[in-house]
Amino acid sequence: MGLELPEIYNLYQQMDKRLKNKIIRDIILGERSKGIIKLGMCNLDKRKDEILNSSIKHIQTRGKWIFLEFENGKLLLLGEIIGKFRYYETEDEIPTNYHVLFKFKDHTALTFQSSLYAFVVVADPEELKNHKYAGNIGPSPLDEEFTYSYFTNSLSKYKNRGIKGVLNIQSEIAGLGNAYINDILYQAKIHPKAKVSTLDEAKMKELYSVIIEIMNSAVEAGGSVNEYDLYGETGNYVRIGDKPKKDMKCARCGTNMVKMNVLGSSSYLCPECQRI
Ligand SMILES: [Zn+2]
């Protein structure tokens, strides 16, 4: 499906521990990287030299993004990822089916494999500010700024829109994507197409708590069972969409769950608990 806040936060923590102070001595683009280059999501073909031979000074995360900051001031932006990063202690272990291979001076390595798309972009700080997606990211549910009043102010700007789409606006609430939004709405018993204006204060409070609760428990679980961390391990959090889809019953009321396309992606919902 794609890396959302829990998976990205977990990867960020691992990268921060493992990659800081390393120096990239070479970046090799696999044949398969052509897809993301063509889509304009990767500029390593033109700009990889800018981040070679400079050590990784800081690593930061915002929402579904990880930013590697180099000693020379350049940045490597990684975000909106469908795929996996994998760290190798020795170069002998590196598989051949990568999109991008980062070789470090100490002969460790990092590979990136994409299963659909991802941003892998070299940028200056100024370019980051102006980046259409990475430059405009709101607080995530793990951040202190994500207060209840911030949440209600944000949502009130989109009163006539469906809640599923609004929770996906990264400039307002960062890090949520289709998979976790699905679980959040199920847990809060809200239909994905429900308009923001139809949610009363009690529902808003419930939704806010559920977002924080699910994000924290998924971070604690190391992310989804369907996504991989830096060492090739999967997390323990089972999202509703990760479960077998046939005859899935609502855990609360036993009604058959239904699959519905909302804004171009699948939503699983209980027609009894999540009425519109
Ligand atoms: Zn139900």
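These legends walk through several close-up views of a predicted model.

View 1. Start with β4, which covers residues 75–79. Five of its five residues are buried, so the strand is largely enclosed by the rest of the structure. Look at which way the residues face: L75, L77 and G79 point one way from β4, while L76 and L78 point the other way. Whichever way they point, all of them are buried.

**View 2. The partners of β4.** Here we stay with β4 and look at the strands beside it. One is β3, made of residues 65–70, which pairs with β4 in the antiparallel sense over five bridges. To find your place in this pairing, look for W65, which stands opposite G79 in β4. The hairpin of β3 and β4 has four residues between the strands, and in it G73 takes a positive phi near 90°. Another partner is β8, residues 119–123, and it also pairs with β4 in the antiparallel sense, over five bridges. For a landmark in this pairing, pick L76, whose bridge partner in β8 is V122.

**View 3. Helices α1 and α8 crossing.** This view brings together α1 (residues 5–18) and α8 (residues 201–220). Their axes come within 8 Å and cross at roughly 40°, which makes α1 oblique to α8. The crossing of α1 past α8 is right-handed. So who does the touching? On the α1 side the contact is made by L5, P6, Y9 and N10, and on the α8 side by M215, A218 and V219. Sort the residues of this contact by type and you get six nonpolar, one polar and no charged.

**View 4. An open sheet of four strands.** Follow the strands across this sheet and the order reads β1-β6-β7-β5, with antiparallel pairing. The edges belong to β1 (24–29) and β5 (83–88). Each of these has a single partner strand, so one side of each is left without a neighbour in the sheet. Neighbouring strands of the sheet are turned by 15° against each other on average, direction ignored. Next, look at β6 (residues 100–104) and β7 (residues 109–114), which run antiparallel and are joined by four bridges.

**View 5. I56 and the residues around it.** I56 sits in strand β2, which spans residues 56–62. Is it buried or exposed? I56 counts as buried because it has 20 C-beta neighbours inside 10 Å, and 20 or more is what buried requires. Sequence neighbours within four places aside, I56 is in contact with L19, K20, N21, K22, L68 and F70. I56 and E69 are 13 residues apart in sequence, yet their C-alpha atoms are 5.8 Å apart in space.

**View 6. N21, in the loop between α1 and β1.** N21, one of the contacts of I56, is found in the loop between α1 and β1. Its phi is near 75°, a positive value in a residue other than glycine. With 9 C-beta neighbours inside 10 Å, N21 counts as exposed.

**View 7. The hairpin of β9 and β10.** Strands β9 (residues 258–262) and β10 (residues 265–269) pair in the antiparallel sense over five bridges. M260 stands opposite S267 in β10. The hairpin has two residues between the strands. L263 lies in the loop between β9 and β10, and has a positive phi of about 55° although it is not a glycine. With 13 other C-beta atoms within 10 Å, L263 is partly exposed.

**View 8. I173, a buried loop residue.** I173 lies in the loop between α6 (163–167) and α7 (178–187). It is buried, with 25 other C-beta atoms within 10 Å. Leaving aside neighbours within four places in sequence, I173 is in contact with G138, P141, S154 and L167. For a sense of distance, take G35: it is 138 residues from I173 along the chain, and their C-alpha atoms are separated by 29 Å.

Terms used
Residues are numbered from 1 along each chain as its sequence is written. This is a predicted model: local features need pLDDT of at least 70, side-chain atom pairs count only at pLDDT 80 or more; totals for chains, interfaces and linings use all residues. A residue is buried if 20 or more other C-beta atoms lie within 10 Å of its own, exposed if 12 or fewer, and partly exposed in between; C-beta atoms are placed from the backbone. Two strands pair if DSSP finds at least two bridges between them. Axes are lines fitted to C-alpha atoms, for helices over the stretch in contact, and angles run from 0 to 180 degrees between N-to-C directions. Angles under 35 degrees count as roughly parallel, over 145 as roughly antiparallel, 65 to 115 as roughly perpendicular and the rest as oblique. A crossing is left-handed if the near helix is turned anticlockwise from the far one by less than a right angle, and right-handed if clockwise. Two residues are in contact if their C-beta atoms, placed from the backbone, lie within 7 Å. Ala, Val, Leu, Ile, Met, Phe, Trp, Tyr, Cys and Pro count as nonpolar, Asp, Glu, Lys and Arg as charged, and the others, Gly among them, as polar.
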